[in-house]
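Please keep the sequence and the structure at hand while reading.

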Amino acid sequence: MSNTDFQRSLSPYGAPADSAPRWYFRLHIDPILVALLSVLIAYGLVVLRSAVDGNEALFNAQLQRMGIAYIALIVAAQIPPHFYLRMAPLIYLLGLLFLVLVLFFGVSVKGSQRWLEVPGLLRFQPSELMKLAVPMAVAWYLQKRSLPPRSKYTLICLVIITVPALLIGRQPDLGTSILVFGAGISVLLLAGLAWRWVLWSVVVIVAAAPLLWQFVLEGYQRQRILTLFDPQSDPLGAGWNIIQSTTAIGSGGLFGKGLFQGSQSHLNFLPEARTDFIVAVMGEELGFVGIALLLVLYLLIIARGLWLATQAGSTFGRLLAGAFVLTFFVYLFVNVAMVSGILPVVGVPLPLVSYGGTSAITLMAGFGVIMSVRTHKAW
Amino acid sequence: MALELSIKDQNQEVELFVRRAITMFVLVVLMLGLIALRLLELQLWNHDTYKSRSDDNHIRVQTLTPPRGMIYDRYGRLLADNQNAASLALTVEDIDELSNTINLLTDLLQLSKEQRTEIYERVETSRRPDVALVVIDSLSESQVARLAVNRHLLPGIEVVNQLVRFYPFGRVAAHAVGSVRRLTDEDLRDADPVQYSATTFIGKRGVEAYYEQQLHGQVGYQKAETDALGRVRKTFDVQSPTPGKALRLHLDIDLQQAGVVALDGRRGAIVALDPRTGGVLAMVSQPAYDPNIFVAGMTEAVFAELRSSSYVPLFNRATNGQYAPGSTFKPIVGMAGLAYGTTTWEQVIEDRGAFQLPGQERVYRDWSWTKDNSGGQGMVDLRRAIYRSSNTYFYDLASRMPIKDLVRFAGEFGLGTNLALDIPAASDGLLPDPVWKQGAKGLPWYPGDSVNMGIGQGDLLATPLQMAVVAATLANRGGRVSPRMLLETFDSNADSIDATAEFAGRAGEVSHPVTQLGLEKVNAEDWENMVQAMEDVVHLGNQGFRGNGTAWAYIGQDIDYRMAGKSGTAQVVEISQGEEYDEETLSEFDRKHAWFIAFAPVQNPTIALAVLVENGGGGSSVAAPVARAVVDAHMAKQQALAPRAAPSSNRFVAR
């Protein structure tokens, strides 16, 4: 982003910088971002192709979901930002209601209660909705106020963020809880939250760590953290995932063992190879070069997303778009850090690459919102 | 635009957002940098560690069993074959709870209690980790099918195809060929643990044991890729095992069978040699055992019976049965007498059926002795003493000969030592002399000992194998051979058996030295005379009372080739002075052993043999017909082969 671009973008205020309405402005689509996302998705599908280990049905299912995700992006991009603005509090409150309902009536899968079900009709995960609803609510709250926000407003924002994050954490779904929390905090950071707040938070968290350890974290969560520091303490139990994934990545070396050639992935040593641990498949088969390419793609998408956010026609739009981009990054970071053994194991998929529909659709809808705030006229 | 919004300083807010966005982007780059560092650590700096960890995860080195060399008889008929058998193997490391798995297997395959115990035993003797260990041999087809269906319940269990030994001729050739047994820990102490790492059977008896090294071959390796459940997905880097060498023995399975038929269930042994080479044409020991049961495994009860039977079927009488040679020893005594000048062909004595040493009361009886003193062979020279088997003549001769001369001469024929080149387990027999007697019994050598030795009794002991060497030495007119089972070795490649296997002159053929006995005083004429005397044993007939060769009546009347032989009847228990031998009153194991040694044809002999029938009775009546049956089979074959002497007729035909 050159400085002159930046200057032009400011004038005339609120309108697209290059005011000559191009075709994609009318379609409310950013071609560069779509292109980058498509390259990422295509790259991801190649790796998934290997990770499904010949299971055509799974691969085709993922192709379908990606189609739906594209539709979600296009639809979300057509909706003007002020609609999101008006709906933000409503969606947030509805989401909260659902989360409370999950706590009492949710369906349990694999020991955690995350799903709401209308039998015979539909079944969905309210926490997924909160990934979009929380940053929207915070942006809605802050857009009327002068920025940087005063302490009082900041505190209210923290409440807006923390309540759903805690409810999700209770399910328990630590991964989504972190993502929702990160999405909300992203808005605050972009809104100009004073750095001293950030500093103090870190100090408080470090100070409270022993208390968190003792009273907040569940036994299995403590075990995961311990495992991170010494995977060999329980090589066939908690340590298995991390040992096998670091082995997969490490054995890949610079250029990898070749696509479809990963022994860790194809001989069932690697757990969750096509979902949360797909980056290990990539690391094993395509090596450091393969993952580096992936990270560069992500970086380009983040850069383009943030630039689009700066071009938005309103504070709400800027905050929302920026927050989505940062949430996307949190996804990425938590997943890769977990698989490579920097962070404890939490269930976070690799955005737009891991097998699974919900998160891909949410994320693409998020990118649709980013394009919406960029391409719609200021209001 | 609403008024309250315009109060906000939009430009300033945009600027703030841009600053923050840039800051966050820098943070993003830093955090991705952290991840990149971690990836560099895993994938570049510690790559080797993780690479080998990954390989250890899924690549196992497997050993490949070399196919054991086949064993053929001299005409290429299979004596020891390899057959495919489906076996159950388990890899202990891949099984969580061994007892659960074994319980499951027991139900699934309906295993007996013994088989269960066997599995545990074999698991405990497991030698190397991560090696699939064979715990059940020879699964039935339905067992294999049930295992296949329940595969998912049984991680670490595999059905493997194993080559196991099969002896098509079973007990007929059991003692000659020997047998293999399951490899034990004890075997592994002596064997090369690397070469035997994939081997389940080892030669334990006979040829199988002696030529173990050649038959075994060299172990092969392959790398196997296994999944997280331990199942082999594919193999690569295969270094095929080198199959063991195939053996061709001198043995002729037809002679072997003829011998078994002729013995007709009686206990005994037959050893037939090719006098030109020492090659063992037949080696029969009865009763025998079925070597296949050692391969398949047998119940304790069966093994106990085999071991404890008073008929000792596991005992190789042909090589390890030691018996007094009786009258078959007489040709040696005669030749010794000639060599040392104690007698001549012309010297004659009067045989009245008994012999006494001067000044002693003890009477040494001829076999024709009777209580009324009407026995004896009349006037006897050496030739008549052989074909009439006069004891008196040889009592007299031995009593007049220095014992050391007789012992030395008998030793030249291989008595008292194991001459066999590839039968190390064979017994030495016993060639007694004064030194031995002093040591073993604490008694001096009495003249009576020499007298007894003159007719092959006393302490003298020989194995049928040794007596076959004696027969061969006589057949060769003094040329002694060393018995050998092996004719040649060759590569166990089916093609080479068909295409290139000629009868002789190949690289694998072993040499057969013939040692000419270095006795200057025995000239060729003496040997020829002795051969003639032995020919009379078989062929001299129609001579009236006490005029015929001892074996003529039993085998000599319808014989259409010339055979030389000598009968022997060895006492097992001493008959009291003045008592007659009465078979009816003696228990089965106290009756006389029947011997016959022979060779044929008299000119240019091609077979020399010794037959022993344990507690069988008279040598001429019992053992000679057995010898004749074997030689008949041999001669028939020689005649059948003779017109087709061209090399092509000798082609070695596989199977």
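A salt bridge is here a side-chain nitrogen of Lys or Arg within 4 Å of a carboxyl oxygen of Asp or Glu. Across the interface of chain B and chain A, that rule finds zero salt bridges. The model is a predicted one.

## The interface between chain B and chain A

On the side of chain B, 39 residues are in contact with 61 residues of chain A. The area buried between the two chains is about 4,600 Å², and carbon and sulfur atoms give 72% of that area. In chain B, the residues that lose the most area to chain A are Phe17(B), Arg20(B) and Gln43(B), which together account for 17% of what that side buries.

Although zero salt bridges are found between the chains, the rule for polar contacts finds 11 residue pairs across this interface, both residues being at pLDDT 80 or more. The elements of chain B that give two or more residues to the side touching chain A are α2 (10-45), α3 (47-58) and β8 (220-226), and α2(B) gives the most, with 24 residues. By class, this side of chain B has 22 nonpolar, eight polar and nine charged residues.

Six bridges join β1(B) and β8(B) in the antiparallel sense, and Arg60(B) has Ala224(B), in β8(B), as its bridge partner.

## The five-stranded sheet of chain B

A further open sheet of chain B has five strands in the order β12-β11-β22-β21-β20, with antiparallel pairing. Its edge strands are β12 (280-286) and β20 (564-570) of chain B, each of which pairs on one side only, and the twist averages 5° from one strand to the next.

Within this sheet, β11 (residues 268-273) and β22 (residues 607-613) of chain B pair in the antiparallel sense over six bridges, and the bridge partner of Val271(B) in β22(B) is Ala610(B). Helix α11 (residues 253-263) of chain B lies across β11, β12 and β22 of chain B, and runs at about 30° to β12(B).

Key: Residues are numbered from 1 along each chain as its sequence is written. Chains are lettered from A and ligands numbered from 1 in the order in which they are written. This is a predicted model: local features need pLDDT of at least 70, side-chain atom pairs count only at pLDDT 80 or more; totals for chains, interfaces and linings use all residues. Side-chain values use heavy atoms; hydrogens and water are left out. Contact means heavy atoms within 4.5 Å. Buried area is the accessible area (1.4 Å probe) that two parts lose on being put together, summed over both. A polar contact is a pair of N or O atoms within 3.5 Å; within protein, one must be able to donate a hydrogen and the other to accept it, and residues adjacent in sequence count only if both atoms are side-chain atoms. Helices (H or I, at least four residues) and strands (E, at least two) are DSSP runs, numbered from the N terminus. Ala, Val, Leu, Ile, Met, Phe, Trp, Tyr, Cys and Pro count as nonpolar, Asp, Glu, Lys and Arg as charged, and the others, Gly among them, as polar. Two strands pair if DSSP finds at least two bridges between them. Axes are lines fitted to C-alpha atoms, for helices over the stretch in contact, and angles run from 0 to 180 degrees between N-to-C directions.
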